[in-house]
Amino acid sequence: DTEVTQTPKHLVMGMTNKKSLKCEQHMGHRAMYWYKQKAKKPPELMFVYSYEKLSINESVPSRFSPECPNSSLLNLHLHALQPEDSALYLCASSYLVYNEQFFGPGTRLTVL
Amino acid sequence: GDSVTQMEGPVTLSEEAFLTINCTYTATGYPSLFWYVQYPGEGLQLLLKATKADDKGSNKGFEATYRKETTSFHLEKGSVQVSDSAVYFCALSDRNQGGKLIFGQGTELSVKP
């Protein structure tokens, strides 16, 4: 299995909702990442997990809460989002933090 | 800090034309360099990589050579196809940055039949 999977593919939520994004990989990678991508822009790093511990938080607002339950899974919990948080959310993984990263297909999030 | 600069798009080519997308970088350490491709509505796919000076990465007819002396990693393809239409991102990863991928702004390529 050489891919990163993300669910759901699309998500529409109101500003008072709580939802979660899920990411999974079975490549034995020990680093996992969350990125946010706006249209026609490069991905912006949000969080890095290395060996299931949070190693980088790029000053992301607390309405985004990451969780790494085990080495294969990465979640992003969403609460009280704003319309400007609408974007493509990408998950990635790599064998170690400085190796090439493999991206999932993303979750297209719309906040109403 | 580290940075990546790509040529601006969009780039429009006819099928079978030669492609060059310029990428230069600034880094304090010894970075690895990558090209990623993003097709419409999809995530990023790793196209090729190079981990040290003079390495040449290649995949699907695309090539790029890690040039330390000119701090460049230009992407080339001898004959583009309509299916190559996508956004291409040059990126670097430096061990000193803890795993952060530094991306260029992306270059949109459109190939016409």
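How much area do chain A and chain B bury between them? About 1700 Å², with 55% of it on carbon and sulfur atoms. Buried area here is the accessible area, taken with a 1.4 Å probe, that two parts lose on being put together, summed over both. Three residues stand out on the chain A side. Pro42(A), Tyr98(A) and Glu100(A) supply 32% of the area that chain A buries against chain B, more than any other three residues.

A word on the ground rules. This is a predicted model, where local features need pLDDT of at least 70, side-chain atom pairs count only at pLDDT 80 or more, and totals for chains, interfaces and linings use all residues. Residues are numbered from 1 along each chain as its sequence is written, chains are lettered from A and ligands numbered from 1 in the order in which they are written, and side-chain values use heavy atoms, without hydrogens or water.

Back to the interface. The contact (heavy atoms within 4.5 Å) takes 21 residues from chain A and 20 residues from chain B. Three salt bridges are counted between the two chains. A salt bridge puts a side-chain nitrogen of Lys or Arg within 4 Å of a carboxyl oxygen of Asp or Glu. One of them joins Lys40(A) to Glu108(B), with the closest N and O atoms 3.5 Å apart.

Which strand of chain A gives the most to the side that touches chain B? Strand 4 of chain A does, with three residues. Strands are DSSP runs (E, at least two residues), numbered from the N terminus.

Now the aromatic rings. Over all chains, the structure holds ten aromatic pairs. Rings of Phe, Tyr and Trp (its six-membered ring) pair if their centres lie within 6.5 Å; planes under 30 degrees apart count as stacked, over 60 as edge-to-face and the rest as tilted. Phe34(B) and Tyr36(B) make a tilted pair, 6.2 Å centre to centre, with 45° between the planes.

Are these two residues buried or exposed? Buried means under 20% relative accessible area, exposed over 50%, partly exposed in between (1.4 Å probe, protein chains only). Phe34(B) counts as buried at 2%, and Tyr36(B) counts as buried at 0%.

Tyr36(B) also pairs with Phe103(B): the centres are 6.2 Å apart and the planes at 55°, so this pair is tilted. Tyr36(B) lies in strand 5 (residues 32-38) and Phe103(B) in strand 11 (residues 101-103) of chain B, so the pair ties together parts 67 residues apart in sequence. Phe103(B) is buried too.

Last point. Ring pairs link Tyr33(A), Tyr35(A), Phe103(A), Phe34(B), Tyr36(B), Phe89(B) and Phe103(B) into a cluster.

Terms used: Helices (H or I, at least four residues) and strands (E, at least two) are DSSP runs, numbered from the N terminus.
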